[in-house]
Amino acid sequence: MLDASILAYFADDTTRTYQLVQWLPVLEQLAEHQPVGVVARDPEAAALLRTRTSLPVALAESFPELTELYAVVDPKVVLYVNNSMLNFQSLLHGRALHVHVNHGESDKQSMASNNAKAYDRVLVAGEAAVQRHVAGLLELDTRRLVRVGRPQLDLQREPLLEPSSRRTVLYAPTWEGDAEYNDYTSVDTIGSDVVRAVLAVPDVRLVYKPHPKVVTSETPAVRDGHRTILALLDEAARRDPAAGHVAVLAGDILALMPDCDAMVTDVSSVGLDWLYLRTERPIFITDRHHDAERLRREVPVSRCADVLDSVDVPALTELVAARLDHDAHHLARVAMRHHYFDDLQVGDSTLRFLDAVAELAARRDHLLGEITLGTAITA
């Protein structure tokens with residue numbers, strides 16, 4: 001049985017464990033200050049998580065098992081990295097404060113949903129996230145929004161790429177989402193043309209790092225697009241083995257970024273991770289919806305990037321080469337980084353997160369004390 005005052009709750013299967021895995025090192029730091037445990041609802045997910053962390057991982061497959069676990073553990077704070085439908089079974093527990101921490105910061109529509117109102121607090125990165133919630137939701141109590149930055153970006157990671165004398169371009173597309181409104185992937189539209197264009201840039205190494213759910217996608221167009229990209233990389237590597245072109249289908253994308261000189265991505269969290277970690281390096285954002293005004297309005301990072309809604313391969317080759325030599329958007333990215341992440345520097349987000357959780361744990365004890373005192377007086 002867990003002995004933890006802070007629980008990280010995860011209800012989904014192994015295809016979504018990446019959402020929690022990125023938090024595990026941060027939660028292990030939190031565990032240095034107060035006991036932390038993980039609650040999983042899927043047996044295979046629980047088994048996988050046990051291989052990825054030293055934190056205790058409990059399995060509660062059924063709702064009765066979950067309620068029994070909470071009754072025994074009596075957690076002070078429960079953390080959620082997504083909006084799984086099974087989160088509502090956990091939210092029924094009334095003796096804890098429930099906190100949504102998400103699994104990234106992006107401008108996807110799903111990042112600001114009415115699900116936010118179900119939690120006592122929603123930890124967000126900065127001003128852009130606050131504005132996103134205010135613009136997208138009615139009757140939201142903004143006092144629930146707590147700005148902590150992005151603690152995962154503070155972590156030191158072992159490099160994944162071999163050293164190269166070539167300049168490296170990272171192509172990191174997202175997946176197709178759960179619905180059309182939340183579909184931002186370029187894999188099934190311009191992905192292969194992006195790859196062809198980058199491969200044609202002289203003295204450049206291309207690294208392809210798709211979202212984990214691209215690799216397992218059952219959507220025919222995405223699956224076919226992914227396979228085409230892999231074939232293009234294989235052919236390029238065969239023609240020029242010394243170039244080092246590579247597809248990285250597993251591992252942490254944040255460990256790739258320090259060794260890359262530019263990135264092409266979609267509307268997704270990795271674009272903002274790049275903005276935070278590699279502010280000095282150019283970024284290209286794809287627009288599958290071909291709506292420049294909407295992108296500029298809803299995706300502020302696009303204002304300091306080159307936007308790709310279609311690809312003329314020779315023209316994109318020339319543009320990528322030009323940006324590697326002369327970065328025209330650098331100062332705009334510096335200002336935009338502040339919009340998304342306030343004035344936080346590396347290390348600050350973790351401190352904010354630790355303080356926020358500690359304050360909530362203390363507040364929970366205070367609130368329960370008031371309830372107990374009120375009950376005693378009434379009796």
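Student: Let's begin with F353: why is F353 called buried?
Tutor: F353 has a relative accessible area of 0%, and buried means under 20% relative accessible area, exposed over 50%, and partly exposed in between, with a 1.4 Å probe and protein chains only. So F353 counts as buried.
Before we go on, this is a predicted model, in which local features need pLDDT of at least 70 and side-chain atom pairs count only at pLDDT 80 or more, while totals for chains, interfaces and linings use all residues. Residues are numbered from 1 along each chain as its sequence is written, and side-chain values use heavy atoms, with hydrogens and water left out.

Student: What makes Y171 and Y208 a stacked pair?
Tutor: Rings of Phe, Tyr and Trp (its six-membered ring) pair if their centres lie within 6.5 Å; planes under 30 degrees apart are stacked, over 60 edge-to-face, and the rest tilted. For Y171 and Y208, the centres are 5.8 Å apart and the planes make 25°, so both the pairing and the stacked label follow.

Student: Which parts does that pair tie together?
Tutor: Y171 is in strand 8 (residues 167-172) and Y208 in strand 9 (residues 204-208), so the pair joins parts 37 residues apart in sequence. Strands here are DSSP runs of E with at least two residues, helices are runs of H or I with at least four, and both are numbered from the N terminus. Y171 is buried at 1%, and Y208 is buried at 0%.

Student: How many aromatic pairs are there by this rule?
Tutor: The count is six. One of them is W23 with F353, a tilted pair at 5.1 Å centre to centre and 40° between the planes. W23 lies in the loop between helix 1 (18-21) and helix 2 (24-30), and F353 in helix 14 (residues 348-378), so this pair ties together parts 330 residues apart in sequence.

Student: What makes R337 sit over the ring of Y276?
Tutor: The rule asks for NZ of Lys or CZ of Arg within 6 Å of the ring centre and within 35 degrees of the ring normal. The charged end of R337 is 4.0 Å from the centre of the Y276 ring, and sits over that ring.
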